[in-house]
Amino acid sequence: MLIIAQELCLDCGGCVPLCPVEGLFLSFEDLFCDQALCTLCGACPEFCPVRAITLELKDAV
Amino acid sequence: MRYDAVVIGAGPAGSMAAVEIARAGFSVALLEKHSQPGTPLCCGEAVSKGALDRLMSLKPDLISCTIDEIKVVSPGGKAITVKHPGAGYILNRPQFDLELARQAVAAGAELLTETIGLQLSGETAFESLAIDNRKDGPGTIDARIFIAADGVESKVARLAGIPNLINVRETESLLQYRLKNIEVDPALIEIYLGRRIAPSSYLWIFPKSDREANVGLGVSTRLTQKFPPEQLLNDFIGSRFPGAIEAGKFCGLAPRYQGERIFRLKNLLVAGDAARADDSISGAGILYALLSGRYAGMAAAAFLRGDIRQEAELDQLYPKKFLDEKGEELALYRKLRNIYDRLTDDDFDEIIVALIEFFAARDSVAGLKPGQILAGLIKTRPKLLKYVRHLW
Ligand SMILES: Cc1cc2nc3c(=O)[nH]c(=O)nc-3n(C[C@H](O)[C@H](O)[C@H](O)COP(=O)(O)OP(=O)(O)OC[C@H]3O[C@@H](n4cnc5c(N)ncnc54)[C@H](O)[C@@H]3O)c2cc1C
Ligand code: SF4
Ligand code: SF4
């Protein structure tokens with residue numbers, strides 16, 4: 001699943017237009033991810049300049 | 001709630017649009033999700049002085065510094081400093097954005113802060129915008145025309161059906177610190193090039209005073225795993241500004257968007273970063289946001305007055321007027337971007353040496369057009385033709 005570290009996120013909104021499934025939404029000051037939509041494509045964690053997003057692959061061995 | 005027009009986002013594009021609509025005598029709601037326009041800051045705050053002066057007159061407290069010189073340092077450490085009196089301003093961007101929004105309010109616009117524009121709906125045209133207000137919760141606003149000026153996120157335009165998704169390969173990851181307790185020349189901006197400094201991008205030092213600056217860099221997103229922006233920026237600051245105090249940290253996205261720019265869908269106009277109207281080389285977007293916002297606002301006012309009967313006729317006012325002025329420039333920057341991406345550190349060194357030779361006989365860059373500089377460079381170093389021949 002996608003993990004957002006709100007304490008690191010600077011609310012720049014840069015990751016939002018990269019999400020191919022419109023799974024990211026920047027509210028008043030918090031970024032949300034709709035986990036049901038997220039395909040774990042990796043675009044937003046790759047972009048985030050302050051590494052506020054990580055992918056946790058639960059089934060990884 | 002009902003207005004003649006709704007503008008989503010109170011950045012430079014949105015406030016300019018709202019000013020034009022309100023001055024034409026129509027009711028307009030200007031939505032801003034933060035509690036105050038201009039905050040938080042996500043910008044280096046640099047802008048061309050000549051171009052901004054042509055657009056508006058600025059109160060002195062909106063300008064932090066006036067730039068007279070530009071220094072560019074190549075990967076091998078070769079530096080050129082070019083005099084260009086009055087080349088640019090470093091703005092006080094939070095105050096600048098606030099002032100623009102105040103002008104919209106003074107003209108009659110209603111600024112709704114802490115209000116997020118969500119999704120447009122309607123039958124043949126858009127009629128209603130779903131919103132969320134921090135205190136009052138969800139609601140809707142009806143209007144005859146809408147302008148999405150919601151910045152790089154541009155969620156409103158996309159959810160309305162405008163395909164302006166950005167491919168992650170076409171982006172740069174930007175990081176900037178506000179540094180205090182440093183010594184800088186308040187009339188000089190510095191640019192550093194090179195793979196080890198800012199891969200596929202550049203590092204900037206934009207002074208805010210002689211003791212303070214915005215220092216930031218971009219990294220092509222495909223390279224961020226190998227070259228994390230934070231590490232690169234910390235390394236540079238550690239060696240160039242030991243003892244600096246970090247007074248702010250900002251980040252963001254510079255789109256190297258190669259897709260089609262779409263400025264209208266039915267009665268929804270899109271302006272500024274939301275329309276991907278920024279310079280693909282430097283990532284600068286303040287001026288394009290101001291200009292596209294102004295023309296979008298003028299087109300909306302004409303539509304509301306009934307000067308325009310069909311939505312498609314809007315295109316003759318916006319984006320046509322904006323593209324007539326800025327279209328060629330934006331297209332040139334896209335081509336230059338493709339060349340820039342292919343340059344190696346040796347190429348940058350060679351180009352800077354050629355520039356040093358070119359400017360040796362000149363005192364200032366003022367009055368020179370980019371084409372003249374290119375022609376001059378090729379004359380002194382015909383080898384450089386290999387970089388620029390793709391322009392034509
Ligand atoms: C690190 C960095 C440095 C930069 N440096 C420079 C520079 O030196 N010079 C330059 O010219 N450009 C620079 N830029 C680019 C410049 O900041 C933008 O091009 C410019 O701000 C675009 O203006 P805009 O009005 O289109 O959008 P914005 O300024 O982003 O304004 C959009 C507004 O809409 C609000 N908003 C967003 N979504 C919603 C919603 N759904 N509902 C309500 N409100 C919403 C936002 O809060 C914001 O206030 C930089 C960008 C970054 C990231
Ligand atoms: S890119 Fe990073 S800092 Fe910016 S909004 Fe997304 S998670 Fe936050
Ligand atoms: S990982 Fe991909 S799909 Fe998931 S939220 Fe990020 S960009 Fe969207």
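What percentage of the 392 residues in chain B is made up of buried residues? Buried residues account for 55% of them, where buried means under 20% relative accessible area, exposed over 50%, and partly exposed in between (1.4 Å probe, protein chains only).

The model is predicted: local features need pLDDT of at least 70, side-chain atom pairs count only at pLDDT 80 or more, and totals for chains, interfaces and linings use all residues. Residues are numbered from 1 along each chain as its sequence is written, chains are lettered from A and ligands numbered from 1 in the order in which they are written, and side-chain values use heavy atoms, with hydrogens and water left out.

**Figure 1. Overall fold of chain B.** Ten helices and 17 strands occur in chain B; these are DSSP runs (helices H or I, at least four residues; strands E, at least two), numbered from the N terminus. The C-alpha trace spans about 60 × 45 × 40 Å along its principal axes.

**Figure 2. Surroundings of B:Glu99.** B:Glu99 lies in helix 3 (residues 93-107) of chain B. B:Glu99 is buried, because its relative accessible area is 13%. Neighbours within four places in sequence being left aside, B:Glu99 is in contact (heavy atoms within 4.5 Å) with B:Lys59 and B:Leu62. Between B:Glu99 and B:Leu62 there are 8.5 Å in space, C-alpha to C-alpha, although they are 37 residues apart in sequence.

**Figure 3. Interface of chain B with chain A.** Contacts join 38 residues of chain B to 24 residues of chain A. About 2500 Å² is buried between the two chains, 61% of it given by carbon and sulfur atoms; buried area is the accessible area (1.4 Å probe) that two parts lose on being put together, summed over both. In chain B, the most area is lost to chain A by B:Arg134, B:Lys155 and B:Cys251, together 20% of what that side buries.

**Figure 4. Salt bridge between B:Arg169 and A:Glu46.** The two side chains meet in a salt bridge (3.3 Å, N to O), defined as a side-chain nitrogen of Lys or Arg within 4 Å of a carboxyl oxygen of Asp or Glu. The count between chain B and chain A is four salt bridges.
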